[in-house]
Amino acid sequence: MMTLYHCVSARSLRPLWLLEELQLPCSLQMLPFPPRVLAKEFLQQNPLGTVPLLVDGTTRMTESAAICQYLAARHSPGALDVAAHEPGHGAYLNWLHMSDATLTFPQTLVLRYTHFEPEARKQPQVAEDYSRWFLARLRAVDAALHGDDFLCAGRFTAADVAVGYALLLATHLGLSAHFSPAVAAYWDRLQRRPAYLRALARQHQAALDQGVPTTPAPDIRP
Ligand SMILES: N[C@@H](CCC(=O)N[C@@H](CS)C(=O)NCC(=O)O)C(=O)O
């Protein structure tokens, strides 16, 4: 069975959500956030101390979007995966990469300089600038949704899970009020998916069962 190392509502929610979409069993190992500080033994598994870490036999992966691509390709050909021979393949890969490199990245700066840093090191200007940057990048998502319910290939794919996580993080950061109507409706559609709701319930129960806080510690400096 696969093992997924996860912190509540961290990027590792992407693979957890996808595993639920695929109804694949996995052992879910919850860690307090950040594991680098609060679960130092995890550094033996992943020297970066970051989540996700997916262990599947001899395969070990630490990039959430790549894990989504891997799981969909192996377990959902023609459905959550968009294969190389399909016309939507390029767009699919573009969304998977964009989900983290373009959409989540600016949000991590907002998170850091509004929540994680101690008061004296908070940077409201950085948070505001990167909030705007993120919201401007959502124009691509908005444009893709005109006439379509999902981002590419005319169906729900792993790319929607990867981008959906960026919308969840934006919601946690208080940015969802600025979503365009098309993005807001898309995010609403994603949140209604039974697999998404199962992933949220599962992480909560696993955190309780494993004695891990159900929310990230806000006062730990990265
Ligand atoms: N690009 C990676 C980023 C992984 C990452 O930075 N994860 C964060 C949680 S969202 C983390 O583990 N942070 C803890 C730390 O940096 O010590 C991905 O998409 O999985």
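A residue is counted as near a molecule or strand if one of its heavy atoms lies within 4 Å of it. By that criterion the residues around the ligand are A10, R11, F33, P34, R36, T50, V51, P52, T62, E63, S64 and D100. This is a predicted model, in which local features need pLDDT of at least 70 and side-chain atom pairs count only at pLDDT 80 or more, while totals for chains, interfaces and linings use all residues. Residues are numbered from 1 along each chain as its sequence is written, and side-chain values use heavy atoms, with hydrogens and water left out.

A polar atom in the side chain of R36 is 2.7 Å from an oxygen atom of the ligand, and a side-chain N or O atom of E63 lies 2.7 Å from a nitrogen atom of the ligand.

Another residue around the ligand, S64, lies in helix α3 (residues 64–75), where helices (H or I, at least four residues) and strands (E, at least two) are DSSP runs numbered from the N terminus. S64 is buried, with a relative accessible area of 2%; buried means under 20% relative accessible area, exposed over 50%, and partly exposed in between, with a 1.4 Å probe and protein chains only. Leaving aside residues up to four places away in sequence, S64 touches R11, R14, P15, P52 and D100, contact meaning heavy atoms within 4.5 Å.

Just after α1, Q23 takes a positive phi of about 55°.

The strands can be followed next, with two strands taken as paired if DSSP finds at least two bridges between them. Strand β1 (residues 2–6) runs antiparallel to strand β3 (residues 53–56), and 3 bridges join them, with L4 having L54 as its bridge partner in β3. Strand β3 also pairs in the antiparallel sense with strand β4 (residues 59–61), again over 3 bridges, and the partner of D56 in β4 is T59. The hairpin of β3 and β4 has 2 residues between the strands, and in it G57 takes a positive phi near 65°.

The cysteines raise a separate point: a disulfide is a pair of cysteine sulfur atoms within 2.5 Å, and a search of the whole structure finds 0 disulfides. The sulfur of C26 has its closest cysteine sulfur in C68, at 13 Å, which is too far for a bond. For C68 the closest cysteine sulfur is in C152, also 13 Å away and too far for a bond. C26 is buried, with a relative accessible area of 5%, and C68 is buried at 0%.

Finally, P181 lies in helix α7 (residues 181–191) and is exposed, with a relative accessible area of 72%. P181 and P35 are 146 residues apart in sequence, and their C-alpha atoms are 37 Å apart in space.

Methods: Polar contact = N/O pair within 3.5 Å; in protein donor to acceptor, adjacent residues only side chain to side chain.
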